[in-house]
Amino acid sequence: MAPTTDSAGQSGDPGTALASLEALRAEIAKAVVGQDPAVTGLVVALLCRGHVLLEGVPGVAKTLLVRALASALELDTKRIQFTPDLMPSDVTGSLFYDNRTAEFSFQPGPVFTNLLLADEINRTPPKTQSSLLEAMEERQVTVDGTPRPLPEPFLVAATQNPVEYEGTYPLPEAQLDRFLLKLTIPLPPRQDEIDVLTRHAAGFDPRDLRAAGVRPVAGPAVLEAARAAVAGTTVSPEITAYVVDICRATRESPSLTLGASPRGATALLATSRAWAWLTGRDYVIPDDVKALALPTLRHRVQLRPDAEMEGVTADSVINAILAHVPVPR
């Protein structure tokens with residue numbers, strides 16, 4: 001069967017798919033300075049059919065990053081600003097009475113898209129936060145007993161501010177576990193910040209990505225071919241055992257009250273396979289597991305209060321575990 005071609009003109013064979021996804025960085029860099037790790041994390045999530053939690057202070061281009069990714073992949077994207085008065089139906093959609101037909105019709109909510117940007121997700125109450133659970137896990141929305149499938153691909157990129165806690169509702173462990181990755185978006189280095197200001201002085205408009213030169217370099221067919229290639233990436237029994245040992249070590253850490261669950265181990269294996277394929281290999285090595293351990297596990301563990309008071313972080317605990325768990329040869 002001949003390779004398919006998506007609307008961005010990209011062939012759906014694995015070799016071309018890898019080249020197209022590698023070109024994403026160059027396209028997104030036209031709008032977002034730096035942030036390569038976050039771009040890679042979002043691509044890994046798309047390859048694994050997962051979701052991403054983006055954490056960073058306001059003004060570090062979290063929203064722009066997701067919009068640029070959607071533009072470069074020629075995917076539909078919608079944004080929801082989560083607020084205390086947001087209702088679940090504002091996310092999923094609702095039934096309304098049509099006077100012309102004298103029947104109830106379903107009005108889809110913004111969740112019916114490819115890339116959903118859930119902005120400041122921790123500013124809305126748990127009832128509204130939970131409206132995303134079915135969409136994230138089952139990739140469908142049930143309203144009035146009728147399940148309605150979401151488009152494919154589908155990714156939730158949720159943002160939260162790590163410094164403002166007043167008026168926020170921390171995500172429960174069950175919802176945090178639904179996110180494949182938690183990516184931290186740091187403040188840019190000095191030179192990157194100079195580059196940002198230089199672009200704005202030259203007329204860059206973050207609301208007009210086409211004018212910035214961002215063009216589609218991939219699409220659904222590329223993602224489909226890439227996912228098939230990732231699924232064929234070899235994982236040795238030693239690597240599988242290494243992933244399990246890392247996750248089991250989090251459950252035994254004296255600094256943690258909650259360690260990574262078997263779902264976390266499954267997620268780490270999946271992200272390691274995607275990373276291995278993106279780096280040009282059809283097999284997973286320990287370095288792939290180490291590279292994805294922090295973003296895959298940091299939100300799945302919970303610190304003891306006394307450890308947190310002493311300045312221990314989830315990242316430092318996971319790094320210590322990586323340093324002590326024997327690496328397969």
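The sulfur of Cys48 lies 14 Å from the closest cysteine sulfur, that of Cys247. That is too far for a bond. A disulfide would need the two sulfur atoms within 2.5 Å. A search of the whole structure accordingly turns up zero disulfides. Cys247 counts as buried, because its relative accessibility is 0%.

This is a predicted model, and confidence comes next. The chain has an average pLDDT of 88. At least 70 is reached by 95% of the residues. Helix H13, residues 286–297, has the highest confidence in the chain, at 97. Strand S3, residues 93–98, has the lowest, with a mean of 82. Over residues 1–9, the pLDDT is below 50. Beyond near neighbours in sequence, that stretch has 20 contacts in the model. Where pLDDT is low, the predicted coordinates should not be read in detail.

Now the sheet. Five strands make up an open sheet, and their order is S2-S5-S8-S1-S9. The pairing is parallel. Strand S2 (77–81) and strand S9 (181–184) stand at the edges. Each has a single partner strand, so one side of each is left without a neighbour in the sheet. On average, neighbouring strands of this sheet are turned by 20° against each other, direction ignored.

S2 and strand S5 (residues 115–119) pair in the parallel sense through five bridges. Within S5, Leu117 is the bridge partner of Arg79.

A helix packs over these strands. Helix H3, residues 36–47, lies across strand S1 (52–55), S5, strand S8 (155–160) and S9. H3 runs at about 170° to S9.

What lies in the nonpolar interior? In soluble globular proteins, nonpolar side chains tend to be buried together. Here the largest nonpolar core has 76 residues. Leu21, Leu47 and Trp277 have the most contacts inside this core. H3 gives the most to the core, with eight residues.

Leu21 shows how parts of the chain meet. Leaving aside neighbours within four places in sequence, Leu21 is in contact with Val43, Leu47 and Leu73, among others. Its contacts also include Val222, Leu223 and Ala226. Trp277 and Leu278 are on the list too.

Note on methods:
Residues are numbered from 1 along each chain as its sequence is written. This is a predicted model: local features need pLDDT of at least 70, side-chain atom pairs count only at pLDDT 80 or more; totals for chains, interfaces and linings use all residues. Side-chain values use heavy atoms; hydrogens and water are left out. Two strands pair if DSSP finds at least two bridges between them. Helices (H or I, at least four residues) and strands (E, at least two) are DSSP runs, numbered from the N terminus. Axes are lines fitted to C-alpha atoms, for helices over the stretch in contact, and angles run from 0 to 180 degrees between N-to-C directions. Contact means heavy atoms within 4.5 Å. Buried means under 20% relative accessible area, exposed over 50%, partly exposed in between (1.4 Å probe, protein chains only). pLDDT is the predictor's confidence in each residue, from 0 to 100. A nonpolar core is a set of buried Ala, Val, Leu, Ile, Met, Phe, Trp, Tyr and Cys residues joined through side-chain atoms within 4.5 Å.
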